[in-house]
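Trainee: I would like to learn how to read the inside of a protein model. Please take me through it one feature at a time.

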Amino acid sequence: MKIPFLNLQASYIELKNELNDAYQRVMESGWYILGQEVESFEAEFAAYCGAKHCIGVGNGLEALHLILRAMDIGPGDEVIVPANTYIATWLAVSYAGATPVAVEPDERTYNIDPLKMEAVITRKTKAVIAVHLYGQPADMDSINEVAGSAGIKVIEDAAQAQGAAYKGKRVGSLGYAAGFSFYPGKNLGAFGDAGAVLTDDDELARRVSLLRNYGSPVKYYNELKGFNSRLDELQAALLRVKLSKLDQWNERRKQVAKQYLESLTELEDLVLPFVPEYADPIWHLFVISYGNRDRLQKHLTDQGIGTLIHYPVPPHLQEAYLELGYRAGAFPLSEKIARRVLSIPMGPHLSEDEANQVIEQLHSFIR
Ligand SMILES: *Cc1c(COP(=O)(O)O)cnc(C)c1O
């Protein structure tokens with residue numbers, strides 16, 4: 001029996017009728033870019049997250065990039081990013097022409113460490129991007145406090161955390177602005193690429209909505225040198241259907257996480273995810289850490305269990321970032337995490353029985 005890492009098709013099948021209706025509604029409307037569906041999704045997602053504005057954009061990378069552009073961050077500026085993140089967080093900074101400055105994570109949560117962040121702030125620092133990695137909120141009060149006293153803005157990279165909460169407040173409303181991705185595999189996923197920017201700041205929202213559409217407030221009049229990065233009507237209509245299911249699906253993920261957490265204790269050298277008191281994570285990924293990770297992964301693969309590594313190479317050691325001159329050892333904690341982490345099957349359609357089989361195989365390998 002095969003257990004996939006994530007079963008995306010099951011999400012479609014569960015909502016097939018509603019999704020097909022939404023598809024048909026858009027196809028028959030004759031209107032495909034920046035219309036009623038995008039506006040409705042923006043209003044619904046802003047309300048869901050408790051933010052004033054939502055601007056639908058092309059993907060998560062563009063959401064972060066357009067925030068930085070709208071803030072006039074560019075060459076000569078520094079933006080603090082986690083050393084331990086998906087490379088998109090860094091690329092958004094590079095696209096804007098600014099320099100990513102990496103900071104090691106907290107050893108237990110894998111999220112950016114506010115104290116280490118304080119240590120790298122310079123006169124050039126304009127912002128910090130806090131990533132809610134694996135669906136668990138970063139320590140936003142501490143991050144906001146450090147950033148606030150240094151006069152820099154906090155941007156959330158909430159690509160992995162739709163619906164996660166910090167001290168009872170949903171992510172996306174916890175900093176100056178937030179970028180979301182709706183890549184199909186995210187907890188709220190489209191059927192293609194999609195993303196959004198959230199903010200309470202009226203002027204930032206106005207600038208992002210210009211930048212996503214050629215910098216144009218009125219057709220064929222351009223106030224800014226903008227981009228083409230729009231959420232399309234079809235994806236917006238499909239996302240509206242899935243948004244109505246998000247809480248239920250996140251709850252199901254929490255049940256799976258509970259099952260894993262309760263059944264995988266006391267396995268030697270296996271480190272389980274740590275959830276701080278302030279966090280209500282939505283388990284985009286369930287990431288274990290193990291010294292002999294590669295052999296464990298092979299064992300699970302041989303048993304038909306799908307796993308992934310998030311991520312095998314941290315951004316500072318990627319060929320794409322040779323220019324920054326980082327060497328192996330520059331961020332030892334992030335490098336250690338990259339050597340040890342393994343994401344095991346997690347999703348709203350993983351059955352209790354399937355999770356039990358994953359647990360069994362972990363026990364039989366590690367014991
Ligand atoms: C997925 C992801 C992104 C990028 O989103 P895309 O929609 O794929 O561009 C950015 N940051 C993090 C942490 C992500 O997981």
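**Cores, sheet and cavities**

Mentor: Start with the core. The largest nonpolar core holds 43 residues, and F41, F45, V128, I143, F180, F182 and L198 touch the most other members. A nonpolar core is a set of buried Ala, Val, Leu, Ile, Met, Phe, Trp, Tyr and Cys residues joined through side-chain atoms within 4.5 Å. Buried means under 20% relative accessible area, with a 1.4 Å probe and protein chains only. This is a predicted model: local features need pLDDT of at least 70, side-chain atom pairs count only at pLDDT 80 or more, and totals for chains, interfaces and linings use all residues. Residues are numbered from 1 along each chain as its sequence is written, and side-chain values use heavy atoms, with hydrogens and water left out.

Trainee: Which helix gives the most to this core?

Mentor: Helix 3, with six residues. Helices (H or I, at least four residues) and strands (E, at least two) are DSSP runs, numbered from the N terminus.

Trainee: What does the second, separate core include?

Mentor: That core has 33 residues, among them I3, L133, W283 and I288.

Trainee: How do I read the sheet?

Mentor: Follow the pairing. Two strands pair if DSSP finds at least two bridges between them. Here seven strands form an open sheet in the order 1-9-8-5-4-2-3, and the pairing is mixed. Strand 1 (53-57) and strand 3 (99-103) are the edges, each pairing on one side only.

Trainee: In what sense do strand 5 and strand 8 pair?

Mentor: Parallel, over three bridges; strand 5 covers residues 153-157. I155 stands opposite A177 in strand 8.

Trainee: And how do I find empty space?

Mentor: Rolling a probe the size of a water molecule over the atoms shows where empty space is left. A cavity is a set of points, on a 1 Å grid over the protein atoms alone, where a 1.4 Å probe fits but cannot get out; lining residues have an atom within 4 Å of a point. Two cavities of 30 Å³ or more occur in this structure.

Trainee: What volume does the largest cavity have, and which residues line it?

Mentor: Its volume is about 70 Å³. The lining includes L6, L8, K186, W249 and R253. Helix 1 (8-14) and helix 10 (246-263) each supply at least two lining residues.

Trainee: What lines the second largest cavity?

Mentor: Among its lining residues are A83, N84, Y311 and P314. The space is about 30 Å³.

Key:
Buried < 20%, exposed > 50% of the residue type's maximum accessible area, 1.4 Å probe, protein only. 1 Å grid on protein atoms, 1.4 Å probe; cavity = no way out; pocket = protein on both sides within 12 Å on 5 of 7 lines; lining within 4 Å. Points joined across faces, edges and corners; volume = space filled by probe spheres on them.
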